[in-house]
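Please find below a note on the model under review.

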Amino acid sequence: MDDRPSLLVFAYACSPTMGSEHGAGWGVVTALQEFADLTVLTGSRHIDEIREWEQENADGGTVFVEVPDRVLGPLLRWHRIPEFLHYLFWLRKARRTASALCNTRSFDVAVHATFSAFWLPTPAVDLGLPSVWGPVGGAVTTPKPLRRLLGVAGLAQEYLDYASVRLMAALPASRRTAIGASERVLQNEETRSMLPRLARGRSRILNHALFSVVPDFPEEEDGRYALWVSPMESRKGPQLALEAIARTDERITLKMVGDGPQRRNLEEAATELGISDRVTFTGLVPREEAVRLMCGATTVLFTGLREEGGLALAEAMYAARRLVVLDHGGAGAVARSATDAQRVALIPPGPVD
């Protein structure tokens, strides 16, 4: 007799090939299917990759159901507001699909696994089933001593984000989710502190980065360079990595992997700091190449100013020789779980110097 539970999972962001939130969603789904049969509701963005995975790994225990959505163009991603408004429309469609599925078969638990923020609702609490909400994040803000690294535009974005989040968190649907979930899995302590008091019980900290499905790591000799891997956005703290290199021995070099709106500013900053000959901007590289660079680095830097988790950090904890991590938000929570703490330097937020 098969006594595996049957779970209905909301995983809008879920991909077997991507990193970030989509990779975390895949990691959570992979962990759940170890002990349960899953019906996973997901969006359209990565459905082709998922169907390809299904053909190669069909085991009958996990079924992905596409809830169609329009993929947003880049002009609508200037801020989280339009993207998450789009997501709220997807949730309405996902709720209708979930209700229809509940009418045709029995589920034991509803799980909301991705795009889980303390200020967003989920239909998982409205299906008459026990519900698991999370891992939930969305509460980390930039430490005050480091806000000057955001620049004028980044600081304006920070305050706009904060106001938007507080407004969304006050909506009845968001409060109903926080209070109504049977169990709450949280990314970090900052998120726990933002929940309604009635919702802070029955919660535990388990960052979604710890569900990472890690690739095979090649053996690489120490390349004698420091490495920074992330989208080049002000909230990821790339300027802090440059400031750090400028204050170290001139023999130390830095490879910066990634791209984004801050790249040109960072190249100019490297010149102004007098370290342009010590910094290499690789641009975007395939994941396999990023992993190889990680394995060859002397030290990997994680400087996220508003980091809820950090999948690259989780991978580096397996692969890198040493890590230097800003002890803030989800990155601090992930780094403190290291089994070999001697390889990890946790730096409390403070003045840049």
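The numbered points below set out the computed features in turn.

1. Basis. The structure is a predicted model, in which local features need pLDDT of at least 70 and side-chain atom pairs count only at pLDDT 80 or more, while totals for chains, interfaces and linings use all residues. Residues are numbered from 1 along each chain as its sequence is written, and side-chain values use heavy atoms, with hydrogens and water left out.

2. Secondary structure and dimensions. The chain contains 11 helices and 13 strands; these are DSSP runs numbered from the N terminus, helices being H or I of at least four residues and strands E of at least two. The C-alpha trace spans about 65 × 45 × 40 Å along its principal axes.

3. Of the 353 residues, 51% are buried, where buried means under 20% relative accessible area, exposed over 50% and partly exposed in between (1.4 Å probe, protein chains only). Among contacts with a separation of 6 or more, 66% join residues 24 or more positions apart; a contact means heavy atoms within 4.5 Å. The accessible surface is about 17100 Å², with 54% belonging to carbon and sulfur atoms. Accessible areas come from the Shrake-Rupley method with a 1.4 Å probe, and for residues only the protein chains shown count as cover.

4. Nonpolar cores. The largest nonpolar core has 35 residues, of which Leu41, Tyr87, Phe118 and Trp119 touch the most other members. Such a core is a set of buried Ala, Val, Leu, Ile, Met, Phe, Trp, Tyr and Cys residues joined through side-chain atoms within 4.5 Å. Two or more residues of this core come from each of strand 1 (6-10), helix 3 (80-104), strand 5 (131-136) and helix 4 (151-169). Helix 3 gives the largest share, 7 residues. Another core, of 24 residues, lies apart from it and includes Ala24, Tyr225, Leu313 and Ala316.

5. Surroundings of Leu41. Beyond its neighbours within four places in sequence, Leu41 is in contact with residues including Leu8, Phe10, Val65, Val67, Trp90 and Leu101.

6. Helix 10. Because 7 of its 9 residues are buried, helix 10 (residues 311-319) is largely enclosed by the rest of the structure. The buried residues are Leu311, Leu313, Ala314, Glu315, Ala316, Met317 and Ala319. Their cover includes helix 1 (20-32), helix 9 (287-296), strand 11 (299-302), strand 12 (323-326) and helix 11 (329-335).

7. Backbone geometry. The peptide bond from Gly134 to Pro135 is cis, with omega near 15 degrees, and Pro135 is placed in strand 5. Phe115, although not a glycine, has a positive phi of about 50 degrees; Phe115 is in the loop between strand 4 (109-112) and strand 5 and counts as buried at 12% relative accessibility. Arg224, also not a glycine, has a positive phi of about 60 degrees. Arg224 is in the loop between strand 7 (203-205) and strand 8 (226-229) and is exposed, with a relative accessible area of 59%.

8. The segment before strand 1. Asp3 is placed in this segment and is exposed, at 67% relative accessible area. Asp3 and Phe35 are 32 residues apart in sequence and 9.7 Å apart in space, C-alpha to C-alpha.
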